[in-house]
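Morning, everyone. One structure today, and I'll keep it quick. Here it is.

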Amino acid sequence: MNTIIKDWQIVSVTEEDELIGHVLWGVVVDDMSCRFAKNDYVCTSNIVRINFDTQLITTSTKSLYQVLGEGSKSEIDKEDFELLRNGFSPQYIHQLRLASTGYLH
């Protein structure tokens with residue numbers, strides 16, 4: 001059983017410049033466990049294993065995710081983690097931060 005993800009990112013979650021962990025964030029292509037609908041976002045628990053040869057990512061809850069295509073890396077602060085869990089992309093969270101500080105153009 002696994003969930004297939006596209007447009008994925010490995011997100012580093014930090015607090016005061018200290019790494020807390022990494023999660024997978026992306027868009028669902030198919031979910032054999034029936035937890036997610038097609039085109040839903042997913043934000044996983046902490047990543048414990050990445051196999052780049054098979055493109056499989058395992059999380060601390062033993063969920064298995066197959067990633068499609070090239071992914072990317074991003075970073076968010078722990079205080080923004082709930083936004084990530086609620087579907088906001090790391091890039092959108094970054095834009096929200098810029099807007100709240102007045103640096104958005």
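Let's start with charge. This is a predicted model, and the protein carries 9 positive and 15 negative charges. Their mean positions sit 8 Å apart.

Now the surface. The protein exposes about 6,700 Å². Carbon and sulfur atoms supply 51% of that. As for the interior, buried residues make up 33% of the 105 residues.

Next, the fold. We have 2 helices and 7 strands. Along the sequence the order is β-β-β-β-β-β-β-α-α. In contacts between residues at least 6 apart in sequence, 47% join residues at least 24 apart.

What about overall dimensions? The C-alpha trace spans about 45 × 30 × 20 Å along its principal axes. The radius of gyration is 14 Å, which agrees with a compact globule, because 105 residues packed that way would give a value near 13 Å.

On to packing. Which residues make up the largest nonpolar core? There are 10: Ile5, Trp8, Ile10, Leu24, Val28, Val42, Ile47, Ile57, Tyr65 and Val67. Three strands each supply at least two residues of this core: β1 (3-15), β2 (18-31) and β6 (64-67). The largest share, 3 residues, comes from β1.

Pick out Val42 from that core. Leaving aside residues up to four places away in sequence, Val42 touches Ile5, Leu24, Trp25, Gly26, Val28, Phe36 and Tyr65.

There is also a second, separate core, of 8 residues. Val23, Trp25, Leu84 and Ile93 are among them. Note Trp25: it belongs to this second core, and Val42 touches it.

That's the tour. Over to you.

Conventions. Residues are numbered from 1 along each chain as its sequence is written. This is a predicted model: local features need pLDDT of at least 70, side-chain atom pairs count only at pLDDT 80 or more; totals for chains, interfaces and linings use all residues. Side-chain values use heavy atoms; hydrogens and water are left out. Helices (H or I, at least four residues) and strands (E, at least two) are DSSP runs, numbered from the N terminus. The radius of gyration is taken over C-alpha atoms; the globule rule is 2.2 Å times the number of residues to the power 0.38. Buried means under 20% relative accessible area, exposed over 50%, partly exposed in between (1.4 Å probe, protein chains only). Contact means heavy atoms within 4.5 Å. Accessible areas come from the Shrake-Rupley method with a 1.4 Å probe; for residues, only the protein chains shown count as cover. Lys and Arg count as positive and Asp and Glu as negative; His and the chain ends are not counted. The place of a charge is taken as NZ of Lys, CZ of Arg, CG of Asp or CD of Glu. A nonpolar core is a set of buried Ala, Val, Leu, Ile, Met, Phe, Trp, Tyr and Cys residues joined through side-chain atoms within 4.5 Å.
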